[in-house]
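Dear colleague,

Please find the structure below, with the sequence. My notes on what was found in it follow.

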Amino acid sequence: MKRNRFIGISALLPLVLCNFAALPVHAEVTDLQTADTSTEETSAECQVIYKATYDFSEEIPKYPLLDVTAYGYEGIYDGKSHGITVDCKTEGATILYSTDGKTYSTKQPEYRNVGTYVTYYKVEKDGYTTTTGSEIVKIKEAEIEFDVDDCIVFYDGKNHSIDLSVVTDDCEILYSEDGINYSSKKPEYKEPGTYTVYYKIMRDNYATVTGNSTVTIKAKDATANNGNQNNSNQNSSNKNSNKNNANQNSGQSSGSRDGVNNLSNMTLTTIREPQIPLSETAAVSNVQTGDESNIFYYVVMLAASVFGLTRLKRRGEKRK
């Protein structure tokens, strides 16, 4: 019995020894974690001291700035070259230029054609802070000067087209009848109708001009021409009528003179005042200013003749 107890205690002894050996190890780990926490607190305090104590900005050297002025260019195409302008009032400074911002040289880029260009610059001098920047050169399209008119004519059997004249030299002019397909051939028309002609004027560095104009060919108006001819014939007949009236008045005046001569033979002739038809009166009203003096003269002569004949008649009655 005693022997069995001894064997059981001997079997439990290794287990007890292992538990005692593990406890110190666990305690040591706990102490190390506490030590690590204190170390972090200590490093935080050191960081605050570092910031408050050291100022490295005092050790950075300060260089004066260069007095640089730069500006670009913007204008309309004029066939001349243009570039940016960079000026430095600090003597002895070097101005460099670049088109890509990487490779610099003392040669200034210049531009002539329409477009927008970026030019980079760098101004440097020993003992000064280098100045860098960029400016833009912008050249706009010029306008083409031209004049265009519609064509309106009466049919004459000839070809007609729009009247387009371009003042700006070296321009290319294209024409179209549908506004889509253009060519250098100018459309022409002969038959009566209304036609639309499209045009396009182009030149490098100039804004392209597009537009349209019309060609109108009118048929001859026979009615209008006959009306004009009738008016001319009517005016001619009115002139002839006026001449006939003047001749008739002259004949009546000469007849009155013959009656006066016959009175010497005691032959009395009753003379009636001439009656002018309404149509002839209207014709007289259309007489031009140059014939009015002749008509007035004939009227006065006729009145004088009638008055003289009347007095002669009364004398003859008294003698009887």
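In what follows, contact means heavy atoms within 4.5 Å. This is a predicted model, in which local features need pLDDT of at least 70 and side-chain atom pairs count only at pLDDT 80 or more, while totals for chains, interfaces and linings use all residues. Residues are numbered from 1 along each chain as its sequence is written, and side-chain values use heavy atoms, with hydrogens and water left out.

Overall figures

The chain has 4 helices and 12 strands; these are DSSP runs numbered from the N terminus, helices being H or I of at least four residues and strands E of at least two. Of the 320 residues in the chain, 18% are buried (buried is under 20% relative accessible area, exposed over 50%, partly exposed in between, with a 1.4 Å probe and protein chains only). The accessible surface of the chain is about 24,100 Å², and carbon and sulfur atoms hold 51% of that surface (Shrake-Rupley method, 1.4 Å probe; for residues, only the protein chains shown count as cover). Among contacts in the chain with a separation of 6 or more, 55% are between residues 24 or more positions apart.

The sheet with β2, β6, β5 and β4

An open sheet of 4 strands runs in the order β2-β6-β5-β4, with mixed pairing (two strands pair if DSSP finds at least two bridges between them). Its edge strands are β2 and β4 (94–98), each pairing on one side only. From one strand to the next the twist averages 20° (axes are lines fitted to C-alpha atoms, for helices over the stretch in contact, and angles run from 0 to 180 degrees between N-to-C directions). Strand β4 pairs with β5 (residues 115–124) in the antiparallel sense over 5 bridges, and Leu96 stands opposite Lys122 in β5.

The structure holds 1 salt bridge (a side-chain nitrogen of Lys or Arg within 4 Å of a carboxyl oxygen of Asp or Glu). The salt bridge joins the side chains of Glu74 and Lys140, at 3.2 Å from N to O. Glu74 lies in strand β2 (residues 73–76) and Lys140 in strand β6 (residues 131–140), so the pair ties together parts that are 66 residues apart in sequence. Glu74 is exposed, with a relative accessible area of 52%, and Lys140 is partly exposed at 39%.

His82 sits in the loop between β2 and β3 (85–88). His82 counts as buried because its relative accessible area is 15%. A polar contact of 3.2 Å joins its side chain to that of Asp78 (a pair of N or O atoms within 3.5 Å; within protein, one must be able to donate a hydrogen and the other to accept it, and residues adjacent in sequence count only if both atoms are side-chain atoms). Not counting residues up to four places away in sequence, His82 touches Tyr73, Pro109, Glu110, Tyr111 and Val137.

The sheet with β8, β12, β11 and β10

Another open sheet of 4 strands has the order β8-β12-β11-β10, again with mixed pairing. Strands β8 and β10 (172–176) stand at the edges with a single partner strand each, so one side of each is left without a neighbour in the sheet. Here the twist averages 20° from one strand to the next. Strand β8 pairs with β12 (residues 209–218) in the parallel sense over 4 bridges. Within β12, Ile217 is the bridge partner of Val153.

Ile217 is in strand β12 and is buried, with a relative accessible area of 3%. Neighbours within four places in sequence aside, the contacts of Ile217 include Val153, Phe154, Tyr155, His160, Tyr189 and Tyr195. Ile217 and Ser161 are 56 residues apart in sequence and 9.9 Å apart in space, C-alpha to C-alpha.

Ser161 is in the loop between β8 (151–154) and β9 (163–166) and counts as buried at 14% relative accessibility. A polar atom of its side chain lies 2.6 Å from the backbone oxygen of Pro187. Beyond four places in sequence, Ser161 is in contact with Cys151, Lys186, Pro187, Glu188 and Val215.

Phe146

Phe146 belongs to strand β7 (residues 146–149) and is partly exposed at 31% relative accessibility. Among the residues that Phe146 touches, leaving out those up to four places away in sequence, are Leu164, Val166, Tyr199, Ile201 and Val209.

Regards
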